[in-house]
Amino acid sequence: MKKFNIKNIKLRQVSVDQIDDRLLLINLYLTQLLTLIIGIVWLLFQHRNPIRLFHFPEHSNFWMYGVGLTAVVIAVDVLISKFVPEEASDDGGINERLFRRRPIWHIVVMSFVVAVCEEMLFRGAMQQSFGPYWVSIIFAAIHVRYLRHWIPTGLVFSISYGLGWIYIQSGTLWAPILTHFLVDTVMGLIIRFRRYDEA
């Protein structure tokens, strides 16, 4: 029997163009499942009930925080896309691959899954331990595809901090979930229709 040697394992960098669509989606959903599991475990260690995070508040003004922050984020993104060269905000082509040929219903589903899973971990669980500033640094670092350029890194940090702020102000996780969902959906639709028309 051949002996296993860990030194024989070789890692190689794979570009987004080398990953097929099916594998890209599997990676997205598995990553979100892992995020959800970590969030649930973290909340349980904090002796908090994960389900209680999703109770709708009695007051219904949380949506104003969500929609308001969404409008700000989209306005800033439009300004950046007009005045900043495309290579300065390049994410390596991941967003284009995820959204450019995706049906509208799937963009909505992906955006909702990502919003719920990531907000439960980052705002629902981690913010309780570290506060919005440090959570935003971690959030920006995890979005590794943006780290090559300071503009998208700064934008991701700022959005995360804004999500943390509206979570505190509204008192419900639904405010940052709504913003995260709307931003991802709108940006996904912009990429989908812009790229589709150019093709």
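Predicted model: local features only at pLDDT ≥ 70, side-chain atom pairs only at ≥ 80, totals over all residues.
Asp 21 belongs to helix α1, whereas Arg 102 is placed in the loop between α3 (94–99) and α4, so the pair ties together parts that are 81 residues apart in sequence.

Another bridge pairs Arg 123 with Glu 119, and its closest N and O atoms are 2.7 Å apart. These two residues both lie in helix α4, separated by 4 residues, or about one turn of the helix. Both Arg 123 and Glu 119 are buried. In general, side chains of opposite charge can pair when their charged atoms come close.

The fold in which these pairs are set contains 6 helices and 0 strands, giving the pattern α-α-α-α-α-α when read along the sequence. The protein has 199 residues, of which 40% count as buried. Among contacts with a separation of 6 or more, 80% are accounted for by residues 24 or more positions apart. The accessible surface of the protein comes to about 12,500 Å², and 66% of this surface belongs to carbon and sulfur atoms.

The largest nonpolar core has 24 residues, and within it Leu 53, Leu 173 and Ile 177 touch the most other members. Two or more residues are given to this core by each of the elements α2 (62–83), α4 (104–142), α5 (150–170) and α6 (174–198). A second, separate core consists of 9 residues, including Leu 98, Phe 99, Ile 107 and Val 114. In soluble globular proteins, nonpolar side chains tend to be buried together.

When its neighbours within four places in sequence are left aside, Leu 173 is in contact with Leu 53, Phe 54, Glu 119, Met 120, Arg 123, Gly 124 and Tyr 167.

A nonpolar surface patch of about 670 Å² is made by Leu 23, Ile 26, Leu 30, Leu 33, Ile 37, Val 41 and Phe 45. Leu 23 is placed in helix α1 (residues 21–45) and, at 46% relative accessibility, counts as partly exposed. Phe 45, another member of the patch, also has its place in helix α1. With a relative accessible area of 68%, Phe 45 is exposed. The C-alpha atoms of Phe 45 and Ala 125 are 9.6 Å apart in space, although the two residues are 80 residues apart in sequence.

In the loop between α1 and α2 lies His 47, a residue with a positive phi of about 60° although it is not a glycine. His 47 is exposed, with a relative accessible area of 75%. Trp 63, in turn, has its place in helix α2 and counts as partly exposed, at 45% relative accessibility. A separation of 7.8 Å is found between the C-alpha atoms of Trp 63 and Trp 174, which are 111 residues apart along the chain.

The mean pLDDT of the protein is 86, and 82% of its residues reach 70 or more. Over residues 195–199, however, pLDDT stays under 50, and for this stretch the model has 8 contacts beyond four places in sequence.

Notes
Residues numbered from 1 in each chain as written. Heavy atoms only, no water. Patch = residues over 30% accessible without salt bridge, like charges linked within 9 Å, V, L, I, M, F, W, Y side chains within 5 Å. Areas by Shrake-Rupley, 256 points an atom, 1.4 Å probe, with all protein chains shown as cover. Salt bridge = Lys/Arg side-chain N within 4 Å of Asp/Glu carboxyl O. Buried < 20%, exposed > 50% of the residue type's maximum accessible area, 1.4 Å probe, protein only. Core = buried A, V, L, I, M, F, W, Y, C linked by side-chain atoms within 4.5 Å. Contact = heavy atoms within 4.5 Å. pLDDT = per-residue confidence, 0-100.
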